[in-house]
Amino acid sequence: MEAGIAFSLTIAILLAYYRTKDHKLKRNVIIVSFVLGFIAAIISAVVRSIPNFVNRTSFSFWSMVPLVISLILIFIAMGLRKKISKDKLDLYEKIFSVIIAIYIISSFFYYMPALFTQLNSFVYYGESAVSTMVLFRVLGYIFGILMIILSGIAVYNTGIRLKETQLKAIVLITLILRGIIQLNVIVQRLYSLSIIPRTRTLFSIIAAIVNYENIINIVVMAILAVAPIILWKQNVKVKESYRNKAELRKIKSHMRNRRHWAQFFLALILISLISLTALKQYEGREEALSPPEEYQMEDGMIVVPLEVLEDNHLHRYIYHSSDGVDVRFFLIKKAQNSYGVVLDACEICGPSGYFERKDEVVCKLCDVVMNRGTIGFKGGCNPIPFPYIVHDQKIKIQPKDLDAMSYVFK
């Protein structure tokens, strides 16, 4: 719902701004972009669903690259629009059309697979396929898809009725806010690979954008809600001149139609905001982290006996670092003679922490289920690993290694 609504609203307001002298060209660009976009989304969903076929973090990074590049080109093209001479306008519109098409196809490729993968989550493991909860999930999915489609239609029909300067301002703000989220996907991948310098400031910025992505999307909706308000105000009183009552009735009919689109869009925005705030907060009520356990100190090292981990559960601990920060970390048995020794934080979501849901380890912030076998590996959604040794049937940790990671929890 979050990704789908934000995707739909962004594409729709951009297409409302995208205007050409050749209406056939615009229609063809939209049709071709949507068809190729759906095909690209299906391919992306299939590739993502094949176990161990691709590195998903790397795949998401490369999927976002053409989207961000085309977004930058859109900004450049919008800035050059008034500087284009009439004899070069046709060429400009064709180039702009190609850029728009690339952005739409790339958006489908990146965002739409999340909608397809939800088709596999209607029935939980061990649950009957014929149950009230399964019915609720199916109905919720259908309602979500319907909201995505209707929101796109509403914002498009509202946007095309605005003045160009008003619409351009709304489009720019929308694309900038969405662009921050999209660019962050690339930056965090480069950061995790150490291609760009690892600094505490950059880590904090990346984590903040990820943590507040939903809020940014809500701000986008609030910005877009300005469009129907402007449209409504412009169509309350008749300001056009008319020669007879027939023309007046025609003008009033057009104004009424614009007000209806404004009302429809505002209603959808309100439903979306309630769904993504109040309903989501209720559904995703905060999971409390398990209380920290006690560990031993031997020869200046933190020590946890392996027998403690034999229950296969997550065991959380807190170390008070030399700079006064509580550094959370947890230990878990992954398999025979294999253990995960990691911070209670990751490079994407920051120090939000992990909790257990039945036999699963789940990120508290984004509700992503960890692959138990990859806990202790670097990158992606995995908790941040740090050095340790296994000796004398005990896991031993150097305090200095936790001191070096204290910035993650500041």
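# Pairing, burial and salt bridges

Q: What makes β1 and β2 antiparallel partners?
A: Three bridges join β1 to β2, and the two run antiparallel. Two strands pair if DSSP finds at least two bridges between them, so the three bridges of β1 and β2 meet the cut-off. Strands here are DSSP runs of E with at least two residues, and helices are runs of H or I with at least four, both numbered from the N terminus.

This is a predicted model, in which local features need pLDDT of at least 70 and side-chain atom pairs count only at pLDDT 80 or more, while totals for chains, interfaces and linings use all residues. Residues are numbered from 1 along each chain as its sequence is written, and side-chain values use heavy atoms, with hydrogens and water left out.

Q: What lies between β1 and β2 in the hairpin?
A: Two residues separate β1 from β2, and D299 in the turn has a positive phi of about 55 degrees. Across the pair, E298 stands opposite M301 in β2.

Q: Why are β1 and β9 called edge strands?
A: Four strands form an open, antiparallel sheet in the order β1-β2-β10-β9. β1 (296–298) and β9 (389–391) each pair on one side only. From one strand to the next, the twist averages 40 degrees; axes are lines fitted to C-alpha atoms, and angles run from 0 to 180 degrees between N-to-C directions.

Q: How do you know that β2 and β10 pair?
A: Strand β2 (residues 301–305) and strand β10 (residues 394–397) share four bridges in the antiparallel sense. The definition asks for at least two, so four bridges qualify. V304 stands opposite I395 in β10, and V303 has K396 as its bridge partner there.

Q: Why is β2 said to be largely enclosed by the rest of the structure?
A: Five of the five residues of β2 are buried, where buried means under 20% relative accessible area, exposed means over 50%, and partly exposed lies in between (1.4 Å probe, protein chains only). M301, V303 and P305 point one way from β2, I302 and V304 the other way, and all are buried. In a regular strand the side chains alternate between the two faces of the sheet.

Q: Is S272 buried or exposed?
A: S272 has 1% relative accessibility, so it falls under the 20% limit and counts as buried. The residue is found in helix α11 (residues 245–283). Leaving aside neighbours within four places in sequence, S272 is in contact (heavy atoms within 4.5 Å) with I5, M147, S151 and M221.

Q: What makes K21 and D90 a salt bridge?
A: A salt bridge is a side-chain nitrogen of Lys or Arg within 4 Å of a carboxyl oxygen of Asp or Glu. The closest N and O atoms of K21 and D90 are 3.3 Å apart, so the pair meets the limit. K21 lies in the loop between α1 (2–17) and α2, and D90 in helix α4 (residues 89–111), so the pair ties together parts that are 69 residues apart in sequence. K21, at 51% relative accessibility, counts as exposed, whereas D90, at 43%, is partly exposed.

Q: How many salt bridges does the structure hold?
A: The structure holds eight salt bridges. One of them joins K333 to E310, with the closest N and O atoms 2.9 Å apart. K333 is in strand β4 and E310 in the loop between β2 and β3, 23 residues apart. K333 is buried, with a relative accessible area of 7%, while E310 is partly exposed at 42%.

Q: Why is L36 called partly exposed?
A: L36 has a relative accessible area of 40%, which lies between the limits of 20% and 50%, so the term applies. L36 belongs to helix α2 (residues 23–49).

Q: What do I31, V32, V35, L36, I39 and I43 form on the surface?
A: These residues form a nonpolar patch with about 510 Å² of accessible area together. Patch residues have over 30% relative accessible area and no salt bridge; like charges are joined within 9 Å, and nonpolar side chains (Val, Leu, Ile, Met, Phe, Trp, Tyr) within 5 Å. The areas come from the Shrake-Rupley method with a 1.4 Å probe; for residues, only the protein chains shown count as cover.
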